[in-house]
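Colleague: I have this one open on my screen. Please walk me through it, starting wherever you like.

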Amino acid sequence: MIKFLLGHYAYWFILALLVIGLYGLIIKRNLVKKVIGLSIFQVAIILFFIASSTKWGATVPVLTDHQEVIQSAAYINPLPHTLMLTAIVVGVATSGVAFALIILIYRRYRTLNENELLERLKEDEPE
Amino acid sequence: MNPSSLVPFPPLIYLFAGIFIPLVTLRWRRLAGWLALTATTAAAFFSVINLLQVLKQGIIPYRFGGWIPPIGIEYILDPLSGFVITVINLIALGVIVHAHQSVKAEIKESRWPPYYALVMLFLTGANGIIMTGDFFNLYVFLEIGSLSLYGLIAVGEKKSPVAAFRYLVMGTVGGGFYLLGVGFLYLVTGSLNMGDVRNILPHLQVTAPLVVALTLMLIGLGIKMAVFPLHGWLPDAYTYAPSPTSAIMAPIGTKIGAYAIARIFFFIFGIRLITQIVPIAQVLAWLSAVGIIYGSVLAMAQNEIKRMLAYSSVAQVGYIGLGLGLANSFGFIGALLHIMNHGLMKACLFLVAGNFRLKLGHSRIDRLDDSLRRSMPWSAAAFTLAALAMIGVPPTVGFFSKWYLALGTIASRNWLFLAIILLSSLLNAVYFFRVIERMYFPWRGSSQKRTLSSPAPKNESQEVSLGLLLPTLIFALALIVVGFLNVWLVKTILTKALPAGF
């Protein structure tokens, strides 16, 4: 059991990050903190992919001229890394759009607190 | 020309239009709408050609850069993707024609180029999701489409940024769950190519990571599709978005999620895995069934046409989910038909809601009265026809998809689902007739006063201009024409689009 827990410590760490991200997203009332939670959530997924590609004692997947036979156990799997480059870009774009929306919300309602925002939304209801 | 080289055209056209519109319009701002219209026409044209081609010669794969599948990214054109992409691009064409004038009315001129560019990027995402044969590529297109949609929503009325932010939070979590599911699937199978995964899966034992992958993907795509407990973003987003945005995202946005679920769960994972080993299909069917009732009941309580249509969308997406979840051929055909039919009906209804907003300045049900039937006869008629189609009155399209769904429930002997489909038609009738009654019959209180005090309501037509009216009427006409064509559609296209195992 302890071996299982220790052997997968990277995944426990990722799970903790996922939960922290979702916690920030759901519980925190401040919109900026929600975006922070969103980023933590995305980083956890990125780390999950990276962790899944790691091997003990393996090296960077760069082919040199004098190596003929490719032993896959000797190299880290490069595919998840390249995928995550794209995922990072998506994450950056999402944060950008989120902050742009937050600026718009602040200009219109003068608040970033979700509770106050809901109150002000209600005041705007016609009739 | 080699037919397979036409396969990636629709998404590529949109992508290039999305890049060129901001560049060209630096100098000629008014060109934005025309460029978008040209791109959409071209994409619709190529999707029709692709569909005819695929019906003639079967599945056509396209390999980007000539890389062999498990390594390179592959686009798959089969009857399913050909059908859905054609439907979506034709609907988009109608909506863009309508948007040409409604954008002018609702959005500041300085924002036209970015607006149209985002519409093009949204359609890039939608087309890419349909064509792609790669799990990670699907995620990227999902996020391209969603990110542009957040922007398209946020240019609406005062509350729209809040609705867009809420959608952004939920949509990103949905995308994240899907990506995590892809990660687990990659751990299990070692491949991201859909065809490759389909070949590997039967040789694997069903382990915990695979079940986790399935569940995470269902949650992620379910949020995009707005299946019942995950629909929270939808009503506000549809209501507060500007009319052209609602008109383009209501028929297309949720259908993309439904298509991705159909593709991944039925074609890649296979019927046996999702019905017998992991009960994904049953979960989807039950959630959708609850969603049908929930959406219909809440739609009855709304006092604003766009909001009513939004809750009705939650219910209608439920029909698609129910049809898929039944996991038999009738249900699947019903779901595919409903993807098309609901697209046409919702496009028509949202275009009419847009027309009302342009002419009356509002789309609140309690402020409509029977003067509408004189002042906007065609818009009112289109709304009525689409409402009848939503209820499922025979020659219209709505009847036929419900017919197949009902046959599906009978085939799987699930009488409760049959009762839900019948009951929901009744509920549809209730909430649509509230509007129709207001438009066509003198409403007590207000109309009596008016006949006494003022001689007659304005008789002169205030109908919207032809550019707005034409797409609305074409959609309304399509509701009947496609209804008559449904046998031909099912025979020539949809029976070929069924997954293996039915």
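**Helix pairs, chains and contacts**

Modeller: Let me start with two helices of chain B: B:F9, B:P10, B:I13, B:Y14, B:A17, B:F20, B:I21 and B:V24 in α1(B) meet B:L31, B:A32, B:L35, B:A36, B:A39, B:A42, B:A43, B:F46 and B:S47 in α2(B). Two residues are in contact here if their C-beta atoms, placed from the backbone, lie within 7 Å. Helices (H or I, at least four residues) and strands (E, at least two) are DSSP runs, numbered from the N terminus.

Colleague: How do the residues of that contact of α1(B) with α2(B) divide by class?

Modeller: There are 16 nonpolar residues, one polar and no charged ones. Ala, Val, Leu, Ile, Met, Phe, Trp, Tyr, Cys and Pro count as nonpolar, Asp, Glu, Lys and Arg as charged, and the others, Gly among them, as polar.

Colleague: Before we go on, what am I looking at, and how is it numbered?

Modeller: This is a predicted model, where local features need pLDDT of at least 70 and side-chain atom pairs count only at pLDDT 80 or more, while totals for chains, interfaces and linings use all residues. Residues are numbered from 1 along each chain as its sequence is written, and chains are lettered from A and ligands numbered from 1 in the order in which they are written.

Colleague: Thanks. At what angle do α1(B) and α2(B) pack?

Modeller: About 170°, with the axes of α1(B) and α2 (residues 31-57) 9 Å apart. Axes are lines fitted to C-alpha atoms, for helices over the stretch in contact, and angles run from 0 to 180 degrees between N-to-C directions.

Colleague: Parallel or antiparallel, then?

Modeller: α1(B) is roughly antiparallel to α2(B). Angles under 35 degrees count as roughly parallel, over 145 as roughly antiparallel, 65 to 115 as roughly perpendicular and the rest as oblique.

Colleague: Now B:P22. Is that one buried or partly exposed?

Modeller: B:P22 counts as partly exposed, because it has 15 C-beta neighbours inside 10 Å. A residue is buried if 20 or more other C-beta atoms lie within 10 Å of its own, exposed if 12 or fewer, and partly exposed in between, with C-beta atoms placed from the backbone. B:P22 lies in α1 (residues 9-24) of chain B.

Colleague: What does B:P22 touch?

Modeller: Not counting residues up to four places away in sequence, B:P22 touches B:P113, B:P114 and B:A117. The C-alpha atoms of B:P22 and B:P114 are 6.3 Å apart, although 92 residues separate the two along the chain.

Colleague: And B:S246, buried or exposed?

Modeller: B:S246 counts as buried, because it has 30 C-beta neighbours inside 10 Å. B:S246 sits in α10 (residues 243-269) of chain B. Leaving out residues up to four places away in sequence, B:S246 touches B:Y238, B:A241, B:K306 and B:F350.

Colleague: I see B:K306 and B:F350 there. Which contact of α13(B) and α14(B) are they part of?

Modeller: The contact between those two helices, with B:K306 among the residues from α13(B) and B:F350 among those from α14(B). The helices α13 (residues 305-326) and α14 (residues 329-360) of chain B pack at about 170°, with their axes 8 Å apart. That makes α13(B) roughly antiparallel to α14(B). By class, their contact has 13 nonpolar, seven polar and two charged residues.

Colleague: Zooming out, how many helices and strands are in chain B?

Modeller: Chain B has 20 helices and two strands. The radius of gyration of chain B is 22 Å, close to the 23 Å that the globule rule gives for 502 residues, so chain B is as compact as a globular protein of that length. The radius is taken over C-alpha atoms, and the rule is 2.2 Å times the number of residues to the power 0.38. Buried residues make up 60% of the 502 residues in chain B.

Colleague: And chain A? How many helices there?

Modeller: Five helices and zero strands. The radius of gyration of chain A is 21 Å, well over the 14 Å that the globule rule gives for 127 residues, so chain A is more spread out than a compact globule. In chain A, 23% of the 127 residues count as buried.

Colleague: Last one: what pLDDT does chain B average?

Modeller: Chain B averages 87, and 95% of the residues score at least 70. That score is the predictor's confidence in each residue, from 0 to 100. Over residues 447-457 of chain B the pLDDT is below 50. Where pLDDT is low, the predicted coordinates should not be read in detail. The model scores ipTM 0.92 and pTM 0.92.
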